[in-house]
Each structure stands twice: as C-alpha cells, then as structure tokens.
Amino acid sequence: MKVLIIDAQGGGIGRQVVSAVKAKFPGITVTAVGTNGTATVAMLRAGADVSATGENAVVVGCRRADVIIGPIGIVIADALHGEITPTMALAVGQSMAKRILIPVNQCDNLVVGVTDFSIGRLIDGVLEELASIQQES
C-alpha cells in the first residue's frame, strides 16, 4: 500500500502522522509531500520513505497513491494560508485514492458537527481508518 501524506506550513500535523503511521504500519511505503520545504523536511525527519515539495509533487503523488492523508484543507483551494493551490486541491479531489482527511478547524475553514479533538486523538482516528482500508485490500 502506498500512502501519501500532504501537509503545509510547518509540517507539524504531517510529522505526527508520518511518525504514527510508520510506527503502526512499518511495511507501508509513506511518501511525504510538503507545500513548502519546511513541511517536507519535518515529515522526512519523522520517517517518511520518500519526500518531495510543491504543487507538481502533490499532483504526481495523488496519481500514484492508494491512500492520501492530510488536514482537510488539502481539498480546499487557497486553504492553509494560501499554500494549497487550486491545482493541488483538484488533484487530491480527483485522485482514485482513498482520502483520510483530518478535520482541523483552522485557516477559516470550520467543520460543523466535528468534536474538537486533540491532534493526538485525530491521528488515532487516522490509524484506525488506515487499518480498515488495509484490511479491505
């Protein structure tokens, strides 16, 4: 299974997700794509197998991934302080991969009805969904 983790800004969420996925599923190949170098480096240091940066890396990664993980803003053009381009959001949305979106209420995008869990609890939810997807394969 090929997992693509996308993050922006400082890569804090992506770093935590990469670390948790690699710890629970060591055999899964994790590609980390940051919208900027800082996010990419954070995820690479957390144990990603492969990393890249920028819009084209998101587009190519979305074509190759079985599962895409990231904050909900990765499907919203201009989200995450403008780091998600319309092309990135379209690539994630049109990908044939399963998407596990982390519902963080930041950057003027609010998800109504979602309990305001800690990032740790949200990442636990990501791991549960990934395990379910892996069992389906």
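**View 1. The largest nonpolar core of the predicted model.** This core has 26 residues; a nonpolar core is a set of buried Ala, Val, Leu, Ile, Met, Phe, Trp, Tyr and Cys residues joined through side-chain atoms within 4.5 Å. Buried means under 20% relative accessible area (1.4 Å probe, protein chains only). Ile 5, Val 17, Val 21, Ile 69, Ile 102 and Leu 130 have the most contacts inside the core. Two or more residues come from each of strands E1 (2-7), E2 (29-34), E4 (67-71) and E5 (98-102) and helices H1 (12-24) and H6 (119-136). H6 gives the most, 7 residues. Helices (H or I, at least four residues) and strands (E, at least two) are DSSP runs, numbered from the N terminus. The model is predicted: local features need pLDDT of at least 70, side-chain atom pairs count only at pLDDT 80 or more, and totals for chains, interfaces and linings use all residues. Residues are numbered from 1 along each chain as its sequence is written, and side-chain values use heavy atoms, without hydrogens and water.

**View 2. Surroundings of Leu 130.** Beyond its neighbours within four places in sequence, Leu 130 is in contact (heavy atoms within 4.5 Å) with Met 1, Val 3, Val 21, Phe 25, Ile 28, Val 67, Ile 69 and Ile 100.

**View 3. The second core.** A separate nonpolar core has 19 residues, among them Leu 4, Ala 57, Ile 68 and Ile 84.

View 4. The chain has 6 helices and 5 strands, in the order β-α-β-α-β-α-β-α-α-β-α from the N terminus. Of its 137 residues, 45% count as buried.

How values were computed: Buried < 20%, exposed > 50% of the residue type's maximum accessible area, 1.4 Å probe, protein only.
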